[in-house]
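Subject: The structure I promised you

Hello,

Please have it open in your viewer while you read.

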Amino acid sequence: MATTCGRAVLNIVKLLAEEVAMTRVRGFNKWYAAFAAAVLLVLAVGRAADPPQTGKAPEEIGTVRQMYDGALYPDIQVRTFRNIDRLFPTRTVNRGASVYPLPKSDRPLKAVQFTSAGKKYDLFDYLSLNRVSGLLVLKNGRIAFERYELGNTEITRWMSMSMVKSITSTLIGAALKQGYIKSLDDPVTGYLPRLSGSAYEQVTVRNLLQMASGVKWDETYTNPASDRRHMLEAQLSGKPGSILELMAKLPRAAAPGTVWHYDTGETQVAGEVLRAAVKRPLAQYLSERIWSKFGMESDATWWLDSPNGQEIGGSGLSATLRDYGRFGLFFVNGGVVGGEKILPDGWVAEAGSGKTIGGKKAGYGYMWWIPDSTADPVHEGSFEASGIFGQSIYINPREKLVIVVWSARPKPTGSAVIEDDDFFAAVAKALH
């Protein structure tokens, strides 16, 4: 009934039916009246079934290549980040029946003044200069500050980019707790035999989580010849398993566990290990263990490498600001939901602490960034999920503080005017 042709036919039938219903000529019996009433009822149902005709075309968005090149006009960039689930096939991360409440704090964040790179700034500078599109501050599980900009609202789903790496590592922790993964020191090839004979031959699950596989990788987003861009092209091909094929061909640069090197491809391997271990899609496992259990308010979506394929382990989740905040609270609560331990004992401290790789401190945990607490002691014990263009989940368990930031900075990296950690520290001190 929703097609133009169908509506035209129904309009003709409607005219005939109305004529029959209103005719008082002798000889039209009750059968005709019943026929008229029935047709009019069908038409009413048909009108209700038709989708609303808003007259609005879908928002114009860009491509991932343009994103990585930093070649999107500001308005198109924002629309792209807001509609990131239109760029690739996705799988839904289902919410549960109940919602974890986020009441307003009786001590809201009002004024923040701080110094970054020798210059003085305040809250409004941070929002404006860093092109922040959403900011949520949770203190003791309550909303101390919440602000949406650039057309976003509380129901907007926004891209996470590399914040997903921290989610993937968390799911590996959940799989370890359930026994799907026996040990972080298991070899990757035990779960992915197809990587046997590749540079991942001697790599462990722990090496993946620490970005210390020793496999050679170029992460440069803006270079079309980089490994990161080759990974994007594999994803754009829509061929199942194409990214893992790419990873299997990479050469070795160092022995496993001896060099830290940031590598998005590593998280795809980690995601494939996880899928092989739990024997179900990552989106489903995320829903089962965290999203539905903890009480996320909305469904999320997660990029796939192909239709009905594998989730992208290092990017592509799209969720609301408050649900990213709830994910942070899951860690503040020690990875416990309703008395059930979702993560192994000590996982939060272990995953969220910096590692020493090859004798050097990496400032990186299990796919979490670790702020420098020597520069500002307020960061002690804190850790961050971070994505390009300025996406962050800052978690400070000691202060019971979670800060979520969405941004639309002009370039993938290096375009922040104000250092996020300086702002996070100022918020922590203001609410201490």
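Predicted model: local features only at pLDDT ≥ 70, side-chain atom pairs only at ≥ 80, totals over all residues.

Start where helices α11 and α12 meet: from α11, Ile 290, Trp 291 and Phe 294 touch Asp 323, Arg 326, Phe 327, Leu 329 and Phe 330 of α12. By residue type, the contact is made of six nonpolar and two charged residues, with no polar ones. Helix α11 covers residues 282-294 and helix α12 residues 321-332; their axes come within 10 Å and cross at roughly 110°. Angles from 65 to 115 degrees count as roughly perpendicular, so α11 is roughly perpendicular to α12.

The two charged residues in that contact deserve a look of their own. Arg 326 and Asp 323 form a salt bridge, with 2.8 Å between the closest N and O atoms. Both belong to helix α12, and because they are three residues apart, about one helical turn separates them. Are they buried or exposed? The cut-off for buried is under 20% relative accessible area, so Arg 326, at 2%, is buried, and Asp 323, at 0%, is buried as well.

Arg 322 pairs with Glu 146 at 2.7 Å, N to O. With a relative accessible area of 18%, Glu 146 falls on the buried side. The pair is part of a network of salt bridges that links Lys 104, Glu 146 and Arg 322.

For another pair, look at Arg 206 and Asp 185, whose closest N and O atoms are 3.0 Å apart in a salt bridge. Arg 206 is in helix α7 (residues 205-209), while Asp 185 is in the loop between α6 (163-178) and α7, 21 residues away. Here both partners are partly exposed: Arg 206 has a relative accessibility of 24%, and Asp 185 has 45%. In total, the chain has 22 salt bridges.

Now to the nonpolar side. In soluble globular proteins, nonpolar side chains tend to be buried together. The largest nonpolar core in this model holds 100 residues. Which residues have the most contacts inside it? They are Met 67, Val 269, Leu 286, Trp 302, Leu 317, Phe 331 and Ile 393. Take Leu 286: beyond its neighbours within four places in sequence, Leu 286 contacts Val 93, Ile 167, Leu 171, Trp 291, Trp 302 and Leu 317. Another core, of 25 residues, lies apart from the largest one and includes Val 137, Phe 145, Ala 425 and Leu 431.

Ser 169 is buried, at 0% relative accessible area. Leaving out residues up to four places away in sequence, Ser 169 touches Leu 209, Trp 347, Tyr 366, Met 367 and Trp 368.

Finally, the overall numbers. The chain has 432 residues, and 53% of them count as buried. There are 14 helices and 15 strands. Among contacts with a separation of 6 or more, 69% are between residues 24 or more positions apart.

Best wishes

Note on methods: Residues numbered from 1 in each chain as written. Heavy atoms only, no water. Core = buried A, V, L, I, M, F, W, Y, C linked by side-chain atoms within 4.5 Å. Buried < 20%, exposed > 50% of the residue type's maximum accessible area, 1.4 Å probe, protein only. Contact = heavy atoms within 4.5 Å. Axes fitted to C-alpha atoms, helices over the stretch in contact; angles between N-to-C directions. Helix = DSSP H or I, 4+ residues; strand = E, 2+ residues; numbered from the N terminus. Parallel < 35°, antiparallel > 145°, perpendicular 65-115°, else oblique. Nonpolar A, V, L, I, M, F, W, Y, C, P; charged D, E, K, R; others polar. Salt bridge = Lys/Arg side-chain N within 4 Å of Asp/Glu carboxyl O.
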